[in-house]
Amino acid sequence: MTSDHVAHATLLALVAAGDEDALRQLYAAFRPRLRRYLWHQLGGDTLAVEEMLQDVFLAVWRTASAYRGEAKVATWIFQIAHYLVIHARHRQSRYADAVSTDGSDEEDTPHPSWQSVSHEDEVIDRLTLADALAHLSTKHREVLDLVSRQGFSLEEVAQILDVPTGTVKSRLSYAHLSYAHKALLRELCPQPVEERRRDA
Amino acid sequence: MMPEYTCAQCRECLLWYVTEQLTPAEREHIARHLATCAACQREARPWHAVDTTLDDADHAIPPDMAAASAWSTLKARLPKRPIIAETHHGERALMEHNIPNEPELDIRPRDTRHGPARRRSLVAVTVFVLLVALSVALFDVLGPQLRHNRGIGSHTTATATPAPCAPSQLKAALPANSYLQDISMVSATDGWAVGAINNPSEGTATPKTLIAHLHNCQWTPVSDAGASIASAQLTQVAMVSSTEGWAVGSTLKLFDNISQANGAITHQWMYDKLIVLHYTNGQWQQVSVPGNTSGQPQALHMTSSNDGWLLVDNGKSHTDPYTAYYAYTLLHYQSGAWSVVPMPFKTPTMILSGLVATSFDVWLDGYDGLGGIIAYYQGGQWHTWGGSIVGKLSPALYAIGMTSDSDVWAIGSNYSHDASGDHTEALVLHYEGSQWTRAVLPDLHAQQSSLMRISVLAPDDVWACGDMDASYIQANRPPQGPLALHYIGGKWQEVSGLPPAVASISQVVAAAHEQYWALGAIYVPINGGKDGATMRGVLLSYTNGAWSIASGQA
């Protein structure tokens with residue numbers, strides 16, 4: 001158990017006892033990470049991110065006594081953030097991708113646009129690696145973010161998203177394939193297609 | 001011999017390997033496998049791309065400038081929670097009225113969403129309501145203690161609420177020639193004060209550090225390694241809990257001996273090296289810090305056991321005989337280590353005086369040839385005000401305090417000149433989140449006045465102390481009186497009832513409801529005034545509506 005987790009667990013216990021200063025310390029400790037996470041989950045909407053941060057810590061304040069120590073405090077707080085993001089998306093209906101609402105273990109299917117696009121269409125499209133990120137669904141992007149940016153393990157990500165570890169692996173695998181595909185296109189087609197056709 | 005990883009094992013870990021989240025042993029496993037497996041190397045390349053693009057995406061996030069104000073907003077929205085407190089009989093009582101609201105969405109993590117937990121929570125709420133109904137009277141008694149023991153910009157960080165000492169119990173068993181410079185209260189019955197034995201300003205005996213502890217209603221000196229450092233004094237103390245705190249000061253270097261008319265030798269001391277003491281495990285121990293440690297500490301503020309700030313005055317030097325250059329070092333304590341934070345100030349003639357901090361930012365104030373200086377450091381960036389700050393003032397600022405970044409006080413004096421000469425007038429500025437304004441002060445009836453120290457105990461409980469007619473020492477006459485102002489009920493008023501001998505008041509801290517400790521000084525003529533005068537430090541106590549000198553230092 002890391003010293004950070006022990007310190008956070010101590011603070012959370014104080015929050016459960018009504019200690020506002022302990023909440024302030026938790027807020028200071030987690031705000032940078034949560035802000036980064038929420039920024040990407042909420043499409044870079046500053047106002048929405050700030051509102052969501054407030055909602056997350058209001059929820060921490062209200063439910064601190066419910067924390068039983070079965071997960072790290074960081075995992076617990078990110079669970080709250082994840083649920084609130086899903087709730088916000090349902091309320092606003094601003095995302096095109098289907099979002100699991102009941103935490104059920106649905107199988108992830110490949111992104112339909114990736115499957116239906118022909119090789120020639122992809123070449124014409126001139127996608128970059130950055131575009132590969134933009135073309136990932138929110139749930140695939142979220143898994144990447146939680147692992148590579150927030151430092152959670154496979155099991156912790158599964159706890160946060162309330163899905164089996166197999167589903168997390170599946171989403172990571174899809175993201176990996178997506179990047180591998182785009183990277184291969186870059187290697188095969190270093191020039192814009194229009195320029196190659198003029199040269200031919 | 002380490003067992004080799006299979007391709008399946010390797011590929012499962014690649015993302016964590018690329019983002020450097022594996023243990024050293026795991027990394028070595030993966031590295032050994034990748035060194036000989038071209039297929040897994042190809043698998044790793046997309047993860048490197050993922051890491052790069054996610055990194056780029058993070059860099060597109062604008063800096064976080066709203067942390068402190070967002071916390072203030074959040075704090076104001078927090079629904080009331082039961083506060084469990086110990087009464088002096090050891091009973092536990094709930095002291096708040098409101099029942100926490102249940103969230104609209106069941107956002108409790110999976111490990112808590114069980115039927116029995118819901119039933120237990122309902123029972124808990126019922127019991128809570130009954131306890132609240134029985135404990136309203138207790139809150140009326142103990143609530144003000146909680147208010148007085150919190151506040152940013154002061155040194156109080158109390159969490160427990162023991163019964164305060166009765167006035168007849170308070171004692172100060174300090175050595176002769178004790179000279180206290182700062183005080184920090186953990187609770188009504190637990191506090192620390194620092195200074196020196198033998199006032200360096202008096203110069204007749206070699207000073208050494210003094211640390212005093214309030215325990216069982218009595219101030220007594222401690223004899224840790226950090227105390228009794230010869231040729232040194234301590235000037236600030238900040239406790240974060242009853243078991244941890246920091247004290248700072250400096251060693252002193254003798255640079256001159258002056259013979260007095262009466263044959264006595266007066267030593268002249270100058271600040272030499274910074275001393276930083278850390279109180280843990282019941283002991284004050286000296287620790288080293290980075291950066292330029294020449295000079296003396298200017299200000300210390302700890303926001304928690306993992307966060308604090310220290311401003312060091314590295315002294316004055318001259319680039320030429322006519323130009324003084326003042327240097328400062330700002331140190332930040334985070335997660336067990338001190339580090340240097342560069343400051344943005346360009347003018348070498350500035351003087352920085354005050355510092356106060358929260359978990360999100362640090363504020364400084366001071367002055368230079370152009371006027372006042374106020375700056376805060378937040379999210380890795382500095383923001384500054386300079387010059388007149390407000391209207392057409394010529395401020396010199398000496399201290400700063402706050403409860404949040406929308407409730408900041410900066411104090412000092414305003415300089416003006418007219419046909420009758422130079423004037424300095426006590427000055428208080430307030431920042432409510434968007435602009436600075438000048439506070440209205442009572443008429444002090446003083447030719448000169450200046451505020452030097454501030455204690456912000458709560459938004460409506462602020463103390464500012466300083467001097468009136470500061471030239472009385474040089475003019476070899478008694479001072480006009482101490483300058484102590486109290487902000488309460490939305491306005492500033494003079495503190496009345498100070499003992500007549502007290503010439504100045506500095507630090508004020510709350511011990512309990514309507515009980516304060518303060519450090520001050522009394523005017524002491526030397527040889528009936530023939531050899532001038534000096535100021536002797538005193539410890540003051542305010543109880544039962546009256547001030548008294550608790551420790552009449554020799």
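# Briefing: burial, helices, strands and rings

Buried residues make up 51% of the 554 residues in chain B. The model is a predicted one. Chain B holds six helices and 31 strands. A search over all chains of the structure turns up 31 aromatic pairs.

**Chain B overall**

- The accessible surface of chain B is about 25,000 Å². Carbon and sulfur atoms account for 52% of that surface.
- Take the contacts in chain B between residues at least 6 apart in sequence. Of these, 52% join residues at least 24 apart.

**Helix H2 of chain B**

- H2(B) covers residues 24-36, which is 13 residues. From first C-alpha to last, the helix reaches 19 Å. That is close to the 18 Å expected at 1.5 Å a residue.
- Four residues of H2(B) are buried: B:His29, B:Ile30, B:His33 and B:Leu34.
- Seen down the helix axis, the buried residues of H2(B) fall within an arc of 125°, so they line one face.
- On the other side of H2(B), B:Pro24, B:Ala35 and B:Thr36 are exposed.
- What do the buried residues of H2(B) pack against? Their partners are helix H1 (7-18) and helix H3 (38-59) of chain B.

**A five-strand sheet in chain B**

- Five strands of chain B form an open sheet with mixed pairing. Their order is S3-S7-S6-S5-S4.
- Strand S3 (171-172) and strand S4 (178-187) of chain B stand at the edges. Each has a single partner strand, so one side of each lacks a neighbour in the sheet.
- Strands of a sheet pair through backbone hydrogen bonds, in a parallel or antiparallel sense.
- S3(B) pairs with strand S7 (residues 218-221) of chain B in the parallel sense, over two bridges.
- Within S7(B), B:Trp219 is the bridge partner of B:Ala172.

**Aromatic rings in chain B**

- A pair of aromatic rings is described by the distance of the centres and the angle of the planes.
- Among the 31 aromatic pairs found over all chains is one between B:Trp192 and B:Trp284.
- B:Trp192 counts as buried because its relative accessibility is 3%, under the 20% cut-off. B:Trp284 is buried too, with a relative accessible area of 0%.
- Why is the pair of B:Tyr333 and B:Trp338 called tilted? The ring centres of B:Tyr333 and B:Trp338 are 5.1 Å apart and their planes stand at 50°, so the pair is tilted.
- B:Tyr333 counts as buried at 6% relative accessibility. B:Trp338 is buried with a relative accessible area of 10%.
- One aromatic cluster is formed by B:Trp363, B:Tyr376, B:Trp385, B:Tyr431 and B:Trp436.

**A loop residue in chain A**

- Where is A:Gln150 found? It is in the loop between helix H8 (138-149) and helix H9 (154-161) of chain A.
- A:Gln150 counts as buried, at 6% relative accessibility.
- Leave aside the neighbours of A:Gln150 within four places in sequence. A:Gln150 is then in contact with A:Arg33, A:Arg36, A:Tyr37, A:Phe78 and A:Asp145.

Conventions
Residues numbered from 1 in each chain as written. Chains lettered and ligands numbered in written order. Predicted model: local features only at pLDDT ≥ 70, side-chain atom pairs only at ≥ 80, totals over all residues. Heavy atoms only, no water. Phe/Tyr/Trp six-rings, centres within 6.5 Å; stacked < 30°, edge-to-face > 60°. Buried < 20%, exposed > 50% of the residue type's maximum accessible area, 1.4 Å probe, protein only. Expected span 1.5 Å × (residues − 1). Arc of directions from axis to C-beta. Contact = heavy atoms within 4.5 Å. Areas by Shrake-Rupley, 256 points an atom, 1.4 Å probe, with all protein chains shown as cover. Pairing = 2+ DSSP bridges.
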